[in-house]
Amino acid sequence: MATILVADDDANIRELVCLFLRNDGFDTAEAADGQEALAVYARTQVDLVILDIMMPVMDGWALCKELRRADPELPLLMLTAKGETWEKVKGFELGTDDYLTKPFDPLELTVRVRALLKRSGIGKSQMIRFGGVTLDRQTYKVMNGSEALSLPLKEFELLYKLAGTPGQVYTREQLIDQIWGIDYAGDDRTVDVHIKRLRERFAGAADFRIETVRGLGYRLEVNE
């Protein structure tokens, strides 16, 4: 089930949009401004973001830019009262995939959300290659050169997460939330245990390394 993040400073709009999305079978998350949206995005597996432009703290323009920088393939839909042509052009130039002006028909919004997710599903690769390693998230197959490996699910998801954005640091809390889920009640040292196992499994691999960033978390670096 896809999770949609709705970022809007109007609580009534958020409630309305989330209600229609949940009735259409989606999970939802909410944020009242751009900064809160980035925090929710960092700890939640989000599949699409609906964002307003006129928000306090961090507006939708800046939020769009940050989200696009974090994930070039994340579907974004601007939902705003700003309906001038130049404003729409600016939105698309910053990276939004769709643009809908208020007042809006909630049914049209959900149709557009489904269309974006469908388009993303077609265009979004589920395969990551780094060095000689290939991860296929559709089949959960792992190839290290010509050798096929079998990884436990959480180890696969952890490696897939890190390899999806080489160089990006993830805190233990972020990894716990996005892989084990926000309801996970165990110790965040679980991440350390899984990282240790991954390092042991790929000890002979010269193509990449999983680095510990002291006081923060982990990142994967691909060797040149």
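Strands E3 (48-51) and E4 (residues 76-80) run parallel to each other and are joined by three bridges, where strands are taken to pair if DSSP finds at least two bridges between them. The model is a predicted one, in which local features need pLDDT of at least 70 and side-chain atom pairs count only at pLDDT 80 or more, while totals for chains, interfaces and linings use all residues. Residues are numbered from 1 along each chain as its sequence is written, and side-chain values use heavy atoms, with hydrogens and water left out. Helices (H or I, at least four residues) and strands (E, at least two) are DSSP runs numbered from the N terminus.

**Strand E4 and its pairing**

- Five of the five residues of E4 are buried, where buried means under 20% relative accessible area, exposed means over 50% and partly exposed lies in between, computed with a 1.4 Å probe on protein chains only.
- Both faces of E4 are covered, with Leu76, Met78 and Thr80 buried on one side and Leu77 and Leu79 buried on the other.

**The open sheet E6 to E9**

- Four strands form an open sheet in the order E6-E7-E8-E9, and their pairing is antiparallel.
- The edges of this sheet are strand E6 (127-130) and strand E9 (147-149), each of which pairs on one side only.
- From one strand to the next, the twist averages 20 degrees, with axes taken as lines fitted to C-alpha atoms, for helices over the stretch in contact, and with angles running from 0 to 180 degrees between N-to-C directions.
- Strand E7 (residues 133-136) and strand E8 (residues 141-144) run antiparallel and are joined by four bridges, and Thr134 stands opposite Met143 in E8.
- Helix H6 (residues 153-164) packs on the sheet and touches E6, E7 and E8, its direction making about 65 degrees with that of E6; contact here means heavy atoms within 4.5 Å.

- In helix H2 (residues 34-43), the buried residues are Gly34, Ala37, Val40 and Tyr41.
- These residues lie on the same side of H2 because they cover an arc of only 115 degrees around the axis, the arc being that of the directions from the helix axis to the C-beta atoms.
- The cover over the buried residues of H2 includes strand E1 (3-7), strand E2 (27-31), helix H3 (60-70) and helix H7 (172-180).
- Asp33 caps the N-terminal end of H2, with a side-chain oxygen 3.0 Å from the backbone nitrogen of Gln35.
- Met58, in the loop between E3 and H3, is buried with a relative accessible area of 17%.
- Although Met58 and Gln35 are 23 residues apart in sequence, they are 5.6 Å apart in space, C-alpha to C-alpha.
- Leaving aside residues up to four places away in sequence, Met58 touches Asp33, Gly34, Gln35, Leu38 and Leu63.

**Cysteines**

- The structure holds zero disulfides, a disulfide being a pair of cysteine sulfur atoms within 2.5 Å.
- The closest cysteine sulfur to that of Cys18 belongs to Cys64 and is 19 Å away, which is too far for a bond.
- Cys18 is buried at a relative accessible area of 0%, and Cys64 also counts as buried at 0% relative accessibility.

**Thr190 in helix H8**

- Thr190 lies in helix H8 (residues 189-201) and is buried, with a relative accessible area of 17%.
- A polar atom of the Thr190 side chain lies 2.9 Å from the backbone oxygen of Asp187.
- Not counting residues up to four places away in sequence, Thr190 touches Trp180 and Tyr184.

**Backbone geometry in loops**

- Most residues other than glycine have a negative phi, and most peptide bonds are trans.
- Lys102 and Pro103 are joined by a cis peptide bond with omega of about -5 degrees, and Pro103 is found in the loop between strand E5 (98-101) and helix H5 (106-123).
- Val57, in the loop between E3 and H3, has a positive phi near 65 degrees and counts as exposed at 63% relative accessibility.
- Tyr140, in the loop between E7 and E8, has a positive phi of about 60 degrees although it is not a glycine, and at 36% relative accessibility Tyr140 counts as partly exposed.

Definitions and conventions:
A polar contact is a pair of N or O atoms within 3.5 Å; within protein, one must be able to donate a hydrogen and the other to accept it, and residues adjacent in sequence count only if both atoms are side-chain atoms.
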